[in-house]
Structure formats: structure tokens, C-alpha cells
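I opened the model today to look up a few packing and backbone details. My notes follow in the order I took them.

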Amino acid sequence: MIKRVLAWVDERTGLGRFAEAFLFQNIPGGSRWRYVWGALLLYVFLLQAVTGFFLWTAYSPSTQTAWESIHYVQHEMTGGWVLRGLHHFGAQAFIVVLVLHLLQMVIYGVYRAPREVNFWLVLVLLPLAIAMSTTGWLLPYDQHGFWASRVPIGIMGVTPVLGPLLQKIAMGGSSFGHHTLTHFLALHAGLLPLCVALVLGAHYYLTRRHGFADAPKDCACPDEKYFPAQFLKDSAACLAVLVVLLGFVL
């Protein structure tokens, strides 16, 4: 029965052929630990999305209730301190993994044709990741978040031509207040994650389209499929990152 159901789904959606092409893509020279950075980037982003969603369910975006809701998450919500800790350190881990992935692409010449568009997409991810972290500073609405958020908004205001307009849009008016908090939440939990997801999707599509980097000419290692060797390396790297993040949280 399971085979019949899977065959029915595959016939109407093609998911089976897609999964087969994904799992059994050829890797020139075999699996390597240096190929795990892309999977780590996706994993940390998904971790941020999941923890952010559950934090969002307990968050109240108001100048009168934002700090109280964060206090509730941290001290009263079951497992809230773990969620908030993973989200906090995961935001930093996303930038670290992104920079390391970018350096890896430079070292191995991924910026060359035909992969230059893929390299540009990773460059676009860097300011998006910084913007997500910056917009998250204000959400607890404590002293640290309030004054730290004034710095990028002040820089935005002195930017020529569009700076004052962008500053007014970000603040929701001429001064910090309720609309500033709701605008930052909309950017942090809505627009920016959507942009990151779209760029990541395009990045992985182009990675699969052009394939993994070619093996060195002096390498006598045989080719391998993505599954199981590279899949296990990616899974082990993701587990290691989770253990490190939980260590920081604890």
C-alpha cells in the first residue's frame, strides 16, 4: 500500500524523481567536509525560523508589553529560555557560517563562470543577515535594545537622498515609539526572512544546477553520490552546531 501511495504521489507531483535527483547527485572526487557549509547555512536559518515562530506566539509588540512578554518567555514560559537562547546565539551563528561559506567560495574559485551568480547571491545574504540581527535588537524593548537600535537608524538618517525617508519609514514617524516596534517586527519576522529564504532557494537551485566543485586534478578519489556519505557529513555538522549552540545557552 505504501508503494502504491508513493507511486501515486510521484506520478502526479514528480516529488519522487526530484528526491532521487537530489539525494543521488554525483559528487566529483567523493564527499568532503568542506561541502557542509551550504547545508549548515540552511540548517541555521531553519533553526532561526522555528525558534522565532514559537517566540512570536508569546510576544506582544507594544511599547507597554514588549519587555513584559520577553520576561514571560525567559522566566515563566516552559522551555522559553532555551528557545530564546537558541534564537539569540543562532543569529550570530548564521552570520559566522555565512562568512565562512563566503570565504570557502572565494578560496575554491566559485566566483568564476558559470557559478558567479551563485557567489553574488551569497554576497546579497550578508547585508540581509545583518539587517535581520539589527531589527531584532529593538524587540525586547529594553535599554540595550533601545539605544543600540538608534545607532543604525541615525546612520540611515544621514544617508544622502533617500536616508531621511527610509529613517521615517523605519521609525514609523518622527520619533521612537509603538510604530517603530511594529515596523521592526514586520521587517524582522516578515520581509527580511522571506528575502533570505528566496535568496537561499536560488542559491541551492544554482548549486544543484551547476553541481559540486570539480575535484582537484591530482585527486584519485572516485566519484560518490550525495547520499549517504555527504548526507551523513552534513547531518553530523548540523548536529555539532546544535550542540555548540546549546552549550552557549546552558
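I began with two phenylalanines. Phe 45 and Phe 94 are both buried in this predicted model. I then checked how many aromatic pairs there are, and the count is 11. Phe 45 belongs to helix H3 (residues 36-57) and Phe 94 to helix H5 (residues 80-107), so the pair ties together parts 49 residues apart in sequence.

Next I looked for an aromatic cluster. Phe 22, Phe 24, Tyr 226, Phe 227 and Phe 231 form one. I checked Arg 208 against two of these rings. Arg 208 lies over the face of Phe 22, at 4.0 Å from the ring centre. The charged end of Arg 208 also sits over the ring of Tyr 226, 4.8 Å from its centre.

Helix H1 (residues 2-13) packs against helix H2 (residues 15-23) at about 90 degrees, and the axes are 6 Å apart. That angle makes H1 roughly perpendicular to H2. On the H1 side I found Val 9, Asp 10 and Thr 13 in the contact; on the H2 side, Leu 15, Gly 16 and Arg 17. By type, these contact residues split into two nonpolar, two polar and two charged.

Then I went through the backbone. Most peptide bonds are trans, and most residues other than glycine have a negative phi. I noted the exceptions below.

The bond joining Ala 113 and Pro 114 is cis, with omega about 5 degrees. I placed Pro 114 in the loop between H5 and helix H6 (116-137). Phe 227 to Pro 228 is also a cis peptide bond, with omega near 10 degrees. Pro 228 lies in helix H10.

Tyr 141 is not a glycine, yet its phi is positive, about 55 degrees. I found Tyr 141 in the loop between H6 and helix H7 (143-157). Its relative accessible area is 21%, so I put Tyr 141 down as partly exposed. Val 161 has a positive phi too, about 65 degrees. Val 161 sits in the loop between H7 and helix H8 (163-171). At 78% relative accessibility, Val 161 counts as exposed.

My last stop was Val 243, in helix H10 (residues 226-249). Is Val 243 buried or exposed? Val 243 is exposed, with a relative accessible area of 53%. I also took the C-alpha separation of Val 243 and Leu 139: 26 Å, for residues 104 apart along the chain.

Technical notes. Residues numbered from 1 in each chain as written. Predicted model: local features only at pLDDT ≥ 70, side-chain atom pairs only at ≥ 80, totals over all residues. Heavy atoms only, no water. Axes fitted to C-alpha atoms, helices over the stretch in contact; angles between N-to-C directions. Helix = DSSP H or I, 4+ residues; strand = E, 2+ residues; numbered from the N terminus. Parallel < 35°, antiparallel > 145°, perpendicular 65-115°, else oblique. Contact = heavy atoms within 4.5 Å. Nonpolar A, V, L, I, M, F, W, Y, C, P; charged D, E, K, R; others polar. Phe/Tyr/Trp six-rings, centres within 6.5 Å; stacked < 30°, edge-to-face > 60°. Buried < 20%, exposed > 50% of the residue type's maximum accessible area, 1.4 Å probe, protein only. Lys NZ or Arg CZ within 6 Å of the ring centre and 35° of its normal.
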